[in-house]
Amino acid sequence: MWSDEASDLVLEWSKIEEKWRKTWESLHIFEADINPKREKYFLTVAYPYPNSPQHIGHGRTYTLADVHARYMRMRGKNVLFPMGFHYTGTPILAMSKRLAEGDEELIDTFNRIYGVPSAKIEEFKEPLEIAKYFHEEIKQGMKEIGYSLDWRREFTTIDLQYSRFIEWQFRKLRKTGYIVQGSHPVGWCPKDGNPVGQHDTLGDVEPEIGEFILIKFNLDGCLLPCATLRPETVFGVTNIWLRPDAHYVRSRVNDEEWMVSKEGSRKLGYLNLKVEEMERVKGSDLIGKWAENPLTGLRVPILPASFVDPKNATGVVMSVPGHAPYDYQALEDLKKKKEEFSPYGIDPKLLDSITPISIIELEGYSNLPALDVIKKMAIKSQEDPKLEEATAEVYSREFHSGRMKTNTMQYVGLPVSIAKERVKEDLVKSKKGDIFYEILNRPVVCRCGAECIVKIFENQWFINYGDENWKELARDCLGHMDIVPEDLRPEFEYTIRWLRQKACARKSGLGTKLPWDREWVIESLSDSVIYMAYYTLSKYIKSNRIGPDQLTNEFFDYVLLGEGNLEEVSRITMMKEELLEKIREEFRYFYPPDSRHSGRDLVPNHLTFFIFNHAAIFPPELWPKQIVVNGSVLMEGKKMSKSFGNIIPLREAIRKFGADPLRLAILSTAEVSQDADFSPALAKSLNGRLERFYEFAIGVIDLQDDYEGARPSNEDRWLISRLQSVVKAVTEAMDKLRIREAINHSLYELDQDLQWYLRRSPMKGSPRNNKAMARVLKDLVEVRVRLLAPFAPYLCEEIWERMGNDGLVSVADWPIYNEKKVDEKAEEVEEMLMRTIEDTVNIIKVKKIEPNRIYYYTSAEWKWGAYLKSLDILETGATDIGGLIKKLTEDVRMKKVGKELYKFVQRIYDELRGMPLEMRQRRSRVRALDEFRVLRDSTGFLEKELNAKVEVYREEDGERFDPMNRAGLAQPYRPAIYIS
């Protein structure tokens, strides 16, 4: 920069981070207490599950929340941003069990990827040792990356005091009738013998359970149960598909004989059917046989199909080619390979005799909608991925708009949506069909390694999210919330609509026992929905050593709902009335949550449960105000996965790249709802950019500055004005949580402005000798440090201190937009110069010449008049070029210009019409620029930029040098150019 010392500066990130981390902790600046003089802002983010260290992917959710918290703190809010740890569930137990069994893959992951010493892994055979180790690992990572958390409120979900809170929550839900006991299909781990939810599976996948109908086709006295989601299409079945190389099992199922795949037979037992295996046969032995449709009596052949998955439902599939694109294409493919039928003894002519049956009338389609869509999408084989899209289109259109045809018995004329339910009911009632449950998004794998299935669980406790009255409350709560981004609101509405009963407890795992049935442990997606309220209590529970026995229902009723008599609650809980009032006051001050941050994968479960439970337990004034949903993180375009070897633990990444560069790299590539793409190269690039900013800032700090006695140049006024524009843009972006946009303005765009300013300013002298320039640069650094503080807090604290400012930038005031400092004319002048250079460079490139001399011609006075008049006319609503010229020629001076006016308006019309409204209005306010003076005064700058001599003329200058008559092409804001 401008000092010898600055050029040798090297940033030691680890030392700077440690310095400011200790400062923040010693001054307790992130600890929030009641302050009636300040507006509160209560922000939470999902508490982590300590079964592994956090990696860069986790870092995005938490860094977004921290940036939000830091921004609101600088906006003057009293921000409460706490953290806890979620121990509940079976994943830790499953990991411990796998380690005890010597699981080499898991041991390698812990040792090689997570960096856990082998001796410590030995201790992990005790489950809680895993949780304790990674609890501290995650906590240290959060501190190192600079999260501005109030650690006084930390807790775990197996703390006895927290369990009392969850017991209270569940008693409330049961009292309102939202917790029921009964039989219900649940995702199930056959190895662990437990229901499974998202937190219990590899990859955190929520098992999606679908209800199929089994339609029992008759095969020589044995039933072939075809699993389908569309029972109304049974009238269009032309054949049955079986996989020839799969094993099928003839079993006695209750009082019937069924033939299903080996895997399907195993599943039947979990659906409370009595299953007795009789014999096994190869699928190939069944090919060529005929089965009878139970509703139509039509006999249909059994054909081979490699696409049949024996692990999906029963492994028996009915074929409806008229209305199922997959079935239609499969038949067409088979007809091309008739020779493959000889091993099964099937007459090849049989295939030619199979024709699709039309059973649904659908406007806009022929009798065979499946064929229509296949043709439209140019699908040629079963391998074409477009078949998924084709299937979705046909099924959706038929369900919403189709009607059953005359060949569908008593269902003729019914809308498909109604016929589907009627056919299902009649099949089950007549025992020609049965209900079957399957995981739609299979395979879903438990953390123990077993594939999950569906089990009808008896005497299971459920939270009844299907209660319509409760759904209305949840919709009301959602309707009053801000969803970021707003386009995700339909996902919440959809989830509220389809949610039904959810198993809320299991027989094993860590967590809180059901208060009325101690054999059951409340599962992890049920004890993590209103814990935000506990943050407001935990500080007092810890500091006053309040025991679990003191945390009675009366305590929570009083402090959280204001119910009960203070004196009586004090007697029951053995707490002083003053303490109870303090806790109650703390809750009332901070609640409800102003913002809840989490990942998009939690919309179908946790985040919607969060809405339901708040609506059930708290009054409307305590319902959450906002949910912020972010996408995931890719690693150089790929999903993060151990199999790809691209998982980088967060603490390792901090050591490698530095906390501030890492924060920016995680946040700068995508807006909140989009998937971000992290790359080490980007993190290193941002490291360099921050180091250059630091070097620049240090160089500016010691400059002598003074506005007095020094008249600011146009470029000074321009940078001052641009700085205000950036402040406004960043503030607006942050208010909408458009984080990428805010970073782009404060880091990249402001850098470009600064580079332009420094290119222009040397012509005015060094900042050491130009006090006005020094003042402008100091103002820029001071404002920019505050703009970047939420994103790069360590570096900004260091620069803030070096500038001699009081206090910490983390709690400094956010820059305020000052309209009085905006100079639109200065901005237009500099932008005109930028465009002029750009146009000149483009001409040089196109003509492939090395210029000796460049001539600029500025617009004639009448062109400026016509241009500005056109701007004014367009503001009044004139839109066509004829109308514009007519209005212009109402001015006698314009009329005298003649044909030249028409030519000029033709050139500028499209540009003015396509110009952003804001720019058009600004130019209308600025009026005419003295382009001749601006270019003439900038000759030295232009000659340096373009490496050629520069001459400037007015268009109407009769003495101008203009061998190619270029001057006539000049127009306002765009001088004409001739290069020799």
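The structure is a predicted model, in which local features require a pLDDT of at least 70 and side-chain atom pairs count only at pLDDT 80 or more, whereas totals for chains, interfaces and linings use all residues. Residues are numbered from 1 along each chain as its sequence is written, and side-chain values use heavy atoms, with hydrogens and water left out. The average pLDDT (the predictor's confidence in each residue, from 0 to 100) of the chain is 92, and 97% of the residues score at least 70. Residues 1-7 have a pLDDT below 50, although this stretch has 18 contacts in the model beyond near neighbours in sequence; a contact means heavy atoms within 4.5 Å. Where pLDDT is low, the predicted coordinates should not be read in detail.

Helices (DSSP runs of H or I, at least four residues) and strands (DSSP runs of E, at least two residues) are numbered from the N terminus. Two strands are taken to pair if DSSP finds at least two bridges between them. An open sheet of 5 strands, with parallel pairing, has the order 2-1-23-24-18. Strand 2 (78-80) and strand 18 (482-484) each have a single partner strand, so one side of each is left without a neighbour in the sheet. On average, neighbouring strands of this sheet are turned by 20° against each other, direction ignored. Helix 2 (residues 56-74) packs on the sheet, where it touches strand 1, strand 2, strand 23 and strand 24 (626-630), and its direction makes about 175° with that of strand 1. Axes are lines fitted to C-alpha atoms, for helices over the stretch in contact, and angles run from 0 to 180 degrees between N-to-C directions.

Strand 24 pairs in the parallel sense with strand 23 over 4 bridges and with strand 18 over 3 bridges. Ile-627 of strand 24 is the bridge partner of Arg-596 and also of Ile-483. Buried denotes a relative accessible area under 20%, exposed over 50% and partly exposed in between (1.4 Å probe, protein chains only). By this criterion 5 of the 5 residues of strand 24 are buried, so the strand is largely enclosed by the rest of the structure. Gln-626, Val-628 and Asn-630 are buried on one side of strand 24, and Ile-627 and Val-629 on the other.

Helix 16 (residues 532-543) is likewise largely enclosed by the rest of the structure, because 10 of its 12 residues are buried. Among them are Met-532, Tyr-534, Tyr-535, Lys-539 and Tyr-540. The cover over the buried residues includes strand 1 (40-45) and strand 23 (595-599), together with helix 7 (160-175), helix 17 (553-561), helix 19 (577-590) and helix 20 (603-617).

Strand 28 (residues 853-858) pairs with strand 29 in the parallel sense over 6 bridges; Tyr-855 has Glu-951 in strand 29 as its bridge partner.

Trp-814 is located in the loop between helix 27 (793-802) and helix 28 (824-847). Trp-814 is buried, with a relative accessible area of 2%. Beyond its neighbours within four places in sequence, its contacts are Tyr-71, Met-74, Arg-75, Val-730, Thr-731, Arg-786, Leu-787 and Pro-790. The side chains of Trp-814 and Thr-731 make a polar contact at 2.9 Å. Such a contact is a pair of N or O atoms within 3.5 Å; within protein, one must be able to donate a hydrogen and the other to accept it, and residues adjacent in sequence count only if both atoms are side-chain atoms.

The whole structure contains 0 disulfides, a disulfide being a pair of cysteine sulfur atoms within 2.5 Å. The closest cysteine sulfur to that of Cys-452 is in Cys-446, at 5.3 Å, which is too far for a bond. For Cys-504 the closest is in Cys-452, at 18 Å, also too far for a bond. Cys-452 is buried at a relative accessible area of 3%, and Cys-504 is buried at 0%.
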